[in-house]
Amino acid sequence: MVDPLGVALGVALTAIAVALHYTKGTGWEAPDDISQEVLERRAAAVPETDFPEPMNRSIGGGGAAAIPAGGAEGELEEGEAEEEEEGFDPSAISDDEVEYYEVEFVNEGETIEVANNEPILDAGEDEGWDLPYACRQGQCVSCAGQIQDGPAEDYIRHSQNESLFEDDMEDGYCLTCVAYPVDDFTIKTGEQP
Ligand code: FES
């Protein structure tokens with residue numbers, strides 16, 4: 001026996017399917033590839049930096065957090081930037097600017113005079129002492145010593161420092177291969193942070 005309800009339902013569904021088939025669409029069409037446009041918009045939204053492309057925009061998508069070139073915030077003062085990049089240059093000290101400071105070497109039990117354009121390490125070696133070192137370029141900590149009088153920055157200047165943190169220097173540590181005296185002090189060589 002034929003179920004009239006089933007027949008009615010079947011007819012209704014068929015009618016809906018036919019109607020949908022002939023109904024016009026919304027007119028929407030899939031756009032062409034917009035990836036380039038998206039990239040350009042994103043690039044325009046990210047501030048320019050001094051880093052070479054594409055690094056500035058590829059790091060974690062965090063270009064927006066980068067320091068804008070010439071921006072007021074986060075910009076180093078000119079002098080500061082130079083100091084940061086180049087460090088202290090001992091060769092810029094002219095002959096009449098050379099000064100000498102008393103540096104006491106605890107382990108060697110002697111005090112010597114060190115010029116402000118001579119690394120602590122070199123001055124010690126000139127005495128014939130076998131002091132520790134490796135790179136002689138401020139890139140390791142083999143030559144480190146600890147100034148006994150206070151924060152290192154009060155007594156020496158580094159021409160280059162790629163190894164010590166500010167806290168280490170606060171504790172008196174310095175890299176003797178690139179450290180130049182600016183005052184008298186006592187140092188214990190072979191001490192690393
Ligand atoms: S020898 Fe490497 S930092 Fe001085």
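pLDDT is the predictor's confidence in each residue, on a scale from 0 to 100. This chain averages a pLDDT of 80, and 74% of its residues score at least 70. Over residues 53–85 the pLDDT is below 50, and that stretch has 24 contacts in the model beyond near neighbours in sequence. A contact here means two C-beta atoms, placed from the backbone, within 7 Å.

Two notes on conventions. The model is predicted, so local features need pLDDT of at least 70 and side-chain atom pairs count only at pLDDT 80 or more, while totals for chains, interfaces and linings use all residues. Residues are numbered from 1 along each chain as its sequence is written.

Now the layout. The chain has 6 helices and 7 strands. These are DSSP runs numbered from the N terminus: H or I with at least four residues for helices, E with at least two for strands. From the N terminus on, the order is α-α-α-α-β-β-α-β-β-α-β-β-β. Among contacts between residues at least 6 apart in sequence, 53% join residues at least 24 apart.

Next, the sheet. It is open, has 5 strands in the order β2-β1-β7-β3-β5, and its pairing is mixed. The edge strands, β2 and β5, each pair on one side only. The twist averages 40° from one strand to the next; axes are lines fitted to C-alpha atoms, for helices over the stretch in contact, with angles from 0 to 180 degrees between N-to-C directions. Strands count as paired if DSSP finds at least two bridges between them.

Going through the pairs, β1 and β2 run antiparallel, joined by 6 bridges. They form a hairpin with 4 residues between them, and G109 in the turn has a positive phi of about 70°. F105 stands opposite E110 in β2. On to β7: β1 and β7 run parallel with 3 bridges, and E104 has T186 in β7 as its bridge partner. β3 and β7 are antiparallel over 3 bridges, with I147 opposite I187 in β7.

V103 counts as buried because 23 other C-beta atoms lie within 10 Å. The cut-offs are 20 or more such atoms within 10 Å for buried, 12 or fewer for exposed, and partly exposed in between, with C-beta atoms placed from the backbone. V103 and D184 are 81 residues apart in sequence but 5.6 Å apart in space, C-alpha to C-alpha.

Buried residues make up 19% of the 193 residues in the chain. The largest nonpolar core has 25 residues, and those with the most contacts inside it are I120, A152, C174, L175 and A179. Elements giving two or more residues to this core are β1 (100–105), α5 (120–126), β3 (144–147), β5 (173–175), β6 (179–181) and β7 (185–189). A nonpolar core is a set of buried Ala, Val, Leu, Ile, Met, Phe, Trp, Tyr and Cys residues joined through C-beta atoms within 7 Å. C174 touches residues including A144, I147, A152, I156 and A179, not counting those up to four places away in sequence.

Last, P119, in the loop between β2 (110–115) and α5. P119 is buried, since 25 other C-beta atoms lie within 10 Å. Beyond four places in sequence, P119 touches T176, C177, V178, A179 and Y180. P119 and I156 are 37 residues apart in sequence and 9.6 Å apart in space, C-alpha to C-alpha.
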